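Here is a short briefing on one protein chain. Please look over the sequence and the model first.

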Amino acid sequence: LYVGDLNGNFYAFNTSSKTLKWTFSNPKPIESSAVVDKNNVYVNADNGHVYSLDIKDGDKKWDKEIGGKLKSSPVVSSGTIYFGSTNGGVYALKTSDGSSKWNFTTGDAVLASPAVKGDRLAIGSVDNTFYVINTSNGNLIWKEEMANKVVSSASIDEYNNNIYVGDDSGNMTCFDLRDGKTKWSYQTGGSVQST
């Protein structure tokens, strides 16, 4: 079990023995969820840094400074880690060493976490726009204007190419992942903060 706190501490617990395995500390809060891939744990922090930690002992393997605050939880797919920043960027780094593959700029902070399927990464921004980006090169595939800012993470249905996303106006929308066509939309009773 991996947990970050607002003091900048990141904890690894052994749930079987109910003991703390190790702790990693950085200067700013950790508000996003970490992601585990093979022997590594990837952690985003509010000091604008991404950390790759050894799953066994918490030793730092690499540290990449991005800028802004990293409240977006990372996603790992095919040797790449994806996430957004409050500086408006969406980033793709190599999991091996933290080097940059590409970055994409939106019009405002990115608080949502990305959803990835194949060559498509889907993510919303506080600029009231929902983006689908090519995972290979960071090029825009399509985007759709939403009624309000998008802070919730999208959810992909892998079997029918549907992608679901909500916005702060309370609108829940289903898009076709391939081309961005709206399949349906529903107005909820309040701001959609999770999907």
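Predicted model: local features only at pLDDT ≥ 70, side-chain atom pairs only at ≥ 80, totals over all residues.

Residues are numbered from 1 along each chain as its sequence is written, and side-chain values use heavy atoms, with hydrogens and water left out.

**Whole chain**
- The chain has 19 strands and zero helices. Both are DSSP runs numbered from the N terminus: strands are E, at least two residues, and helices are H or I, at least four residues.
- The C-alpha trace spans about 45 × 35 × 30 Å along its principal axes.
- Of the 195 residues, 52% are buried. Buried means under 20% relative accessible area, exposed over 50%, and partly exposed in between (1.4 Å probe, protein chains only).

- Strand β17 covers residues 162-166. Five of its five residues are buried, so the strand is largely enclosed by the rest of the structure.
- In a regular strand the side chains alternate between the two faces of the sheet.
- Both faces of β17 are covered. Asn162, Tyr164 and Gly166 are buried on one side, and Ile163 and Val165 on the other.
- Strand β16 (residues 155-157) runs antiparallel to β17, joined by three bridges. Two strands pair if DSSP finds at least two bridges between them.
- Ile156 has Ile163 in β17 as its bridge partner.
- Four residues lie between β16 and β17 in their hairpin, where Asn161 takes a positive phi near 60°.
- Strand β18 (residues 171-176) pairs with β17 over five bridges, also in the antiparallel sense.
- Opposite Tyr164 stands Cys174 in β18.
- The hairpin of β17 and β18 has four residues between the strands, and Gly170 in the turn has a positive phi of about 95°.

**Ile141**
- Ile141 sits in strand β15 (residues 140-145).
- Ile141 is partly exposed, with a relative accessible area of 29%.
- Leaving aside neighbours within four places in sequence, Ile141 is in contact (heavy atoms within 4.5 Å) with Asp119, Arg120, Val132, Ile133, Asn134 and Arg178.
- Ala122 is 19 residues from Ile141 in sequence and 9.8 Å from Ile141 in space, C-alpha to C-alpha.
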